[in-house]
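Please look through the sequence and the three-dimensional model shown here before reading on.

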Amino acid sequence: MAFRRVFTGMIAALAIVASSVSGAGAADPLYLRFPQLDEQTEFVDSWGVARPDERTHRGVDLMGSKMAPVVAVLDGVIETMGEGDRSGYHITIDHGEGTSSWYMHLNNDTPGTDDRRGGAEYAFAEGLEVGDIVEAGQVIGFVGDSGNAEWGGAHTHFELHINGRAVNPYPYLRDAWERWLLELAIARGETDFK
Ligand SMILES: [Zn+2]
């Protein structure tokens, strides 16, 4: 059963890679690392959904477990780290060539509580500062419910910006998710491709 599930996932991943390549024209297909190291993550294509407090949703929400690690999707430089009323604790990373990634609603609670008193210490990876060079897969922060996610469940609001415009990250995230699950399955010896 595990083999069939993983194999199906691999085929789906390859199909997504193929479709994102063809959809991206001559540009790089952007092989992202999945930004949330949480196998319980749930996400749908919520790009463009109307929201009461914004015109449309410019990203994808990755529902997850509080304090799960949030990682950089590509190599880059930390561009901003801060706290906003709606975004809560957030990080943006500049990946060069006009591409950046945004991570919002990072944790603001003391671990194990919902007290909103965690501070930056439990939002961002220890020692991380604006200007730091980060590698794809490096932990930058932790899943939370800060900002306007406070009553909606812990999640990372993820955005991908290319040449100054937010683009729908869903195909890239779905591709990254399938590849990550396959990596995990291989690491656990759950695959048998003979
Ligand atoms: Zn969102």
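The paragraphs below go from the overall fold to the metal site and then to the salt bridges.

This is a predicted model, in which local features need pLDDT of at least 70 and side-chain atom pairs count only at pLDDT 80 or more, while totals for chains, interfaces and linings use all residues. Residues are numbered from 1 along each chain as its sequence is written, and side-chain values use heavy atoms, with hydrogens and water left out.

The protein has two helices and nine strands. Helices (H or I, at least four residues) and strands (E, at least two) are DSSP runs, numbered from the N terminus. Along the sequence these elements follow the pattern α-β-β-β-β-β-β-β-β-β-α. Of the contacts in the protein with a separation of 6 or more, 67% are between residues 24 or more positions apart; a contact means heavy atoms within 4.5 Å. The accessible surface comes to about 10200 Å², and 53% of this surface belongs to carbon and sulfur atoms. Such areas come from the Shrake-Rupley method with a 1.4 Å probe, and for residues only the protein chains shown count as cover. Of the 194 residues, 44% count as buried, where buried means under 20% relative accessible area, exposed over 50%, and partly exposed in between (1.4 Å probe, protein chains only).

Which residues coordinate the zinc ion? The donors are H57 through NE2, D61 through OD and H157 through ND1, at 2.0 to 2.1 Å. Donors are N, O and S atoms within 2.8 Å of the metal (3.2 Å for Na, K and Ca); water is not among the atoms, so sites may look incomplete. In sequence, the donor residues are spaced H-x3-D-x95-H. Both H57 and D61 are buried.

The structure also holds six salt bridges, a salt bridge being a side-chain nitrogen of Lys or Arg within 4 Å of a carboxyl oxygen of Asp or Glu. One of them joins E39 and R188, whose closest N and O atoms are 2.7 Å apart. E39 lies in the loop between α1 (2-23) and β1 (60-63), and R188 in the segment after α2 (170-187), so the pair ties together parts that are 149 residues apart in sequence. Both partners count as partly exposed, E39 at 37% relative accessibility and R188 at 46%.

Another salt bridge links D145 with K66, with 3.7 Å between the closest N and O atoms. Because D145 lies in the loop between β7 (139-142) and β8 (155-162) and K66 in the loop between β1 and β2 (69-71), this pair ties together parts that are 79 residues apart in sequence. Here D145 counts as buried at 4% relative accessibility, whereas K66 is partly exposed at 33%. K66 and D145 also belong to a network of salt bridges that includes D109 and D114.

A further salt bridge, between the side chains of D175 and R179, has an N to O distance of 3.0 Å. D175 and R179 both lie in helix α2, four residues apart, which is about one turn of the helix. D175 counts as buried at 1% relative accessibility, and R179 as partly exposed at 23%.

Lastly, Y89 lies in strand β4 (residues 88-94) and is buried, with a relative accessible area of 10%. The C-alpha atoms of Y89 and N107 are separated by 7.0 Å, although the two residues are 18 residues apart along the chain.
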